[in-house]
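Trainee: Could we go through this model together, slowly? I would like to know what the words mean before we look at any residue.

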Amino acid sequence: MIPAGTTASGSSGGAGFAPPEDRGAVTALSEDHPWLDPARPVPEIRTELPGPQARVVLDRDQRITSRSLPRAYPLVPGRGTGAVLEDVDGNLFLDFNAGIAVCSTGHAHPRVVEAVRRQAGALLHYSASDFYLPIYSEMAEALAATAPMPGPVRVFLTNSGTEAVEGALKLARAATGRQYVIAFHGAFHGRSYGSVSLTASKAKYHAGFGPLLPGVLHAPYAYCHRCPLNLTFPACDHATVDAIEQVLFRYQVEPSEVAAVFVEPVQGEGGYVVPPPGWLEKLGALCRRHGILLVADEVQSGMGRTGRMWAVEHAGVEPDVLLTAKGLASGLPLGAFVARAELMERWPPGAHGSTYGGSPVPCAAGLATLAVLGEEGLLGNAREQGALLLDGLARIKARVPWLVEDVRGVGLMIGVEFPDAALAEAVQLAAFRRGLLVLEAGESAVRLSPPLVVTAGQCETALSLFGAAVDEVAATDGTGV
């Protein structure tokens with residue numbers, strides 16, 4: 001079995017990822033839901049894809065929605081439970097993308113649903129920017145209790161991950177009096193103007209929108225499978241961190257003018273790239289040496305996805321600011337940035353606000369999500385099922401090493417690398433036709449990020465389906481898809 005934090009090829013894939021203590025067995029798993037007949041196999045594809053009802057939705061969508069929405073494949077979801085999703089035609093799928101790693105506790109977890117119903121019947125909205133909404137500070141307090149940095153922290157609640165990035169960017173500049181920030185090639189921090197300026201996972205995210213936010217610089221990330229510096233770990237000695245000193249600080253900016261480094265402890269949309277052991281620690285030391293804030297973007301890697309609450313905990317790195325969203329409220333729009341208290345005490349009232357950020361219903365879902373994560377063993381389940389998936393994917397890689405170049409990940413944040421984007425897309429579509437929902441990431445990877453309630457049986461089924469999809473593409477070299 002491949003240890004969590006290593007790749008299928010045996011190369012390093014984690015920042016010193018040691019498994020934490022177990023937190024008990026999972027108690028809320030996927031199959032029990034009134035509408036789901038326990039006798040039905042999952043997945044079960046009853047119609048062509050897309051089916052007749054799905055085509056109605058697709059036709060309407062083509063007429064009315066923004067052309068900017070990229071869409072991966074013609075999935076038209078209707079309802080879900082746990083790691084099972086039913087489309088509008090009654091086809092059942094195994095959901096191994098969880099709405100882009102959002103449905104942390106699975107679809108329609110009963111405790112989350114009940115919390116939402118209860119709060120919706122009491123108060124739908126009141127703005128926490130101008131008034132003292134009780135559930136806002138309750139949610140902030142519960143989230144602060146999970147913070148991976150010592151000492152007092154303060155919390156600002158947002159509607160999304162990109163808003164958390166925007167707020168942290170403003171805070172970093174306001175708290176330090178410095179104007180420059182550094183992000184990494186391959187990073188995805190969002191699509192609003194500040195966050196898309198930090199984003200560098202695909203050039204198309206910038207195309208047509210310039211000029212972008214000034215004062216943003218980029219450095220190479222620790223992408224060992226395709227090293228941007230053409231080096232090999234561990235002989236490289238984390239040369240991508242050294243490049244910040246040797247290139248950016250030498251030619252482009254004085255370190256005394258850099259407010260913050262924004263980093264994903266595991267890159268998400270950039271390809272589920274896991275840096276090697278010691279990389280995050282060296283980056284943190286660089287930041288401390290120059291008085292630069294370390295901002296950990298855990299929008300995708302946080303909320304237990306890697307088997308710890310926060311991915312930075314695997315490396316023992318303590319950020320100054322932590323960003324979260326996606327899995328924070330099991331599917332409702334809620335994000336946050338958590339910062340050392342003395343940083344948030346440097347900006348005055350009115351410096352930042354949000355009408356809807358921390359609205360009552362998402363906060364109720366967030367509190368229920370934190371309770372489920374803490375009480376139902378989901379972090380331990382993420383470690384166990386992640387190890388099972390990595391082991392099975394390694395066997396698939398060994399079968400067709402020319403097609404599956406790399407398997408990497410930690411917990412239930414797993415990336416499978418293919419030679420090019422066309423082959424990755426072909427595998428994604430072949431999996432979809434078989435009832436397995438996965439999603440491309442980076443230039444040529446497919447990500448597996450199921451809900452944290454996924455079972456061992458569902459993982460074994462997913463491995464069988466994914467292996468069949470890979471075999472199909474291998475047999476046709478992608479031309480038959």
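Mentor: Let us begin with contact, which means heavy atoms within 4.5 Å. This is a predicted model, in which local features need pLDDT of at least 70, side-chain atom pairs count only at pLDDT 80 or more, and totals for chains, interfaces and linings use all residues. Residues are numbered from 1 along each chain as its sequence is written, and side-chain values use heavy atoms, with hydrogens and water left out.

Trainee: Okay, which residues does S359 touch?

Mentor: Not counting residues up to four places away in sequence, S359 touches L124 and H125. S359 sits in the loop between α10 (341-344) and α11 (360-375), where helices (H or I, at least four residues) and strands (E, at least two) are DSSP runs numbered from the N terminus.

Trainee: And is S359 buried or exposed?

Mentor: S359 has a relative accessible area of 9%, so it is buried; buried means under 20% relative accessible area, exposed over 50%, and partly exposed in between, with a 1.4 Å probe and protein chains only.

Trainee: What about S330, where is that one?

Mentor: S330 is in the loop between β9 (321-324) and β10 (335-340), and it counts as buried because its relative accessibility is 11%. Its side chain makes a polar contact of 2.7 Å with the side chain of T105, and another of 2.6 Å with the side chain of T369. A polar contact is a pair of N or O atoms within 3.5 Å; within protein, one must be able to donate a hydrogen and the other to accept it, and residues adjacent in sequence count only if both atoms are side-chain atoms.

Trainee: Switching to H238, what does its side chain meet?

Mentor: A polar atom of the H238 side chain lies 3.1 Å from the backbone oxygen of P277. Leaving out residues up to four places away in sequence, H238 touches F233, P276, P277, G278, W279 and K282. H238 lies in the loop between β6 (216-219) and α7 (239-252), and P234 is placed in the loop between β6 and α7 as well.

Trainee: One last thing, how far does α14 reach?

Mentor: Helix α14 (residues 456-476) has 21 residues and reaches 30 Å from its first C-alpha to its last, close to the 30 Å expected at 1.5 Å a residue, where the expected span is 1.5 Å times one less than the number of residues. Among the buried residues of α14 are Q458, C459, A462 and L463.
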